[in-house]
Amino acid sequence: YAIWVIFSQRRYSEMQRDFINNMTHEFKTPLTSIQLSSDYLSKQPTIQQDDRLRRYTELIRSQYQRLNSQVEKLLNVARLESGEFKLKSEDVDMHQLLEEVLETKGAESGIEGRVFNKDFSAKQVHVMGDRTHLGSVVSNLLDNAVKYSTPDQPIDLVTYNTHGRFFLDIVDRGIGISPDHQKHLFKKFYRVPSGNVHDIKGFGLGLHYVKRILQMHRGDIEVESELGKGSTFRLHIPT
Ligand code: ADP
């Protein structure tokens, strides 16, 4: 039985590795071509001078971003579960990382014009971790804050230190989450049932990924939320 279990696990992890490789090849490669060509197109004078062509090119670019971000989310979770997942350990300045993520986000469609109030009070901002994954963590949380609130509701980003840890609160004033659902949020594929609550689409993978990555950094994430009032996602990592 033990041998059978070992062999099935190995087969499963090989399938997982193949899935990641195929997904990367079949989705990421065409996406990169779309990105490069639409970037090139959007810079052409013929396109810039014609309103309609410019709009279509913008549409291709914004839909590229949307598709790419979903593929990244799927890939991140698949990678997490493959035995080969490794985190880098480098010095990361969290304030600098936040600024970078905000800058990239600012250029994405659907986010322009959103108000982010920054209250960066943390003094110890250096953590040891994987810059790319920590960036994806922040990016996922910002995406959610934007997705589950309306453009007139500002989002606060608050940083501070306690007990040798770096804290980041992401506070939105959106739809909020009832206590029944709060305890399940970080489970894989969990989404607050839509129907009469909300009809915003997603895979329910983001928060699962966020929690796993933070725990791998000896950190964690908690949520405080009230239905109809908004949510605060609070993450912390040792400095
Ligand atoms: P997704 O947003 O792709 O469904 P997530 O794992 O990021 O997946 O989030 C899981 C669920 O938690 C969401 O479906 C949503 O119901 C709820 N949620 C997450 N963030 C927020 C938020 N800021 N406000 C309200 N609900 C949220």
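Partly exposed means a relative accessible area between the 20% under which a residue is buried and the 50% over which it is exposed. Keep that scale in mind. The model on your screen is predicted.

**Stop 1**

Select glutamate 99. Its relative accessibility is 36%, so it counts as partly exposed.

**Stop 2: arginine 173 and aspartate 156**

Select arginine 173 and aspartate 156. They form a salt bridge with the closest N and O atoms 2.6 Å apart. Arginine 173 is in the loop between strand E5 (165-172) and helix H6 (179-182), and aspartate 156 is in strand E4 (residues 155-162), so this pair ties parts 17 residues apart in sequence. Is aspartate 156 buried or exposed? Its relative accessibility is 15%, which counts as buried, because buried means under 20%. Arginine 173, with 33%, is partly exposed.

**Stop 3: glutamate 58 and arginine 61**

Move to helix H3. Select glutamate 58 and arginine 61, which are three residues apart in this helix and therefore separated by about one helical turn. They form a salt bridge, with 3.3 Å between the closest N and O atoms. Glutamate 58 has a relative accessible area of 42%, so it is partly exposed. Arginine 61 is partly exposed as well, at 26%. Salt bridges with shared partners join Asp39, Glu58 and Arg61 into one network. How many salt bridges does a search of the whole structure find? It finds 14.

**Stop 4: the largest pocket**

Select Asn68, Thr104, Lys105, Glu108 and Ser139. Of the 28 residues lining the largest pocket, these lie nearest its centre. Which of them gives the most? H3 does, with 11 residues. The volume of this pocket is about 790 Å³.

Finally, colour the lining by class. You will find 14 polar, 10 charged and four nonpolar residues.

Methods: Residues are numbered from 1 along each chain as its sequence is written. This is a predicted model: local features need pLDDT of at least 70, side-chain atom pairs count only at pLDDT 80 or more; totals for chains, interfaces and linings use all residues. Side-chain values use heavy atoms; hydrogens and water are left out. On a 1 Å grid over the protein atoms alone, a cavity is a set of points where a 1.4 Å probe fits but cannot get out, and a pocket is an open set with protein on both sides within 12 Å along at least five of seven lines; lining residues have an atom within 4 Å of a point. Grid points are joined across faces, edges and corners, and a volume is the space filled by probe spheres set on the points. Helices (H or I, at least four residues) and strands (E, at least two) are DSSP runs, numbered from the N terminus. Ala, Val, Leu, Ile, Met, Phe, Trp, Tyr, Cys and Pro count as nonpolar, Asp, Glu, Lys and Arg as charged, and the others, Gly among them, as polar. A salt bridge is a side-chain nitrogen of Lys or Arg within 4 Å of a carboxyl oxygen of Asp or Glu. Buried means under 20% relative accessible area, exposed over 50%, partly exposed in between (1.4 Å probe, protein chains only).
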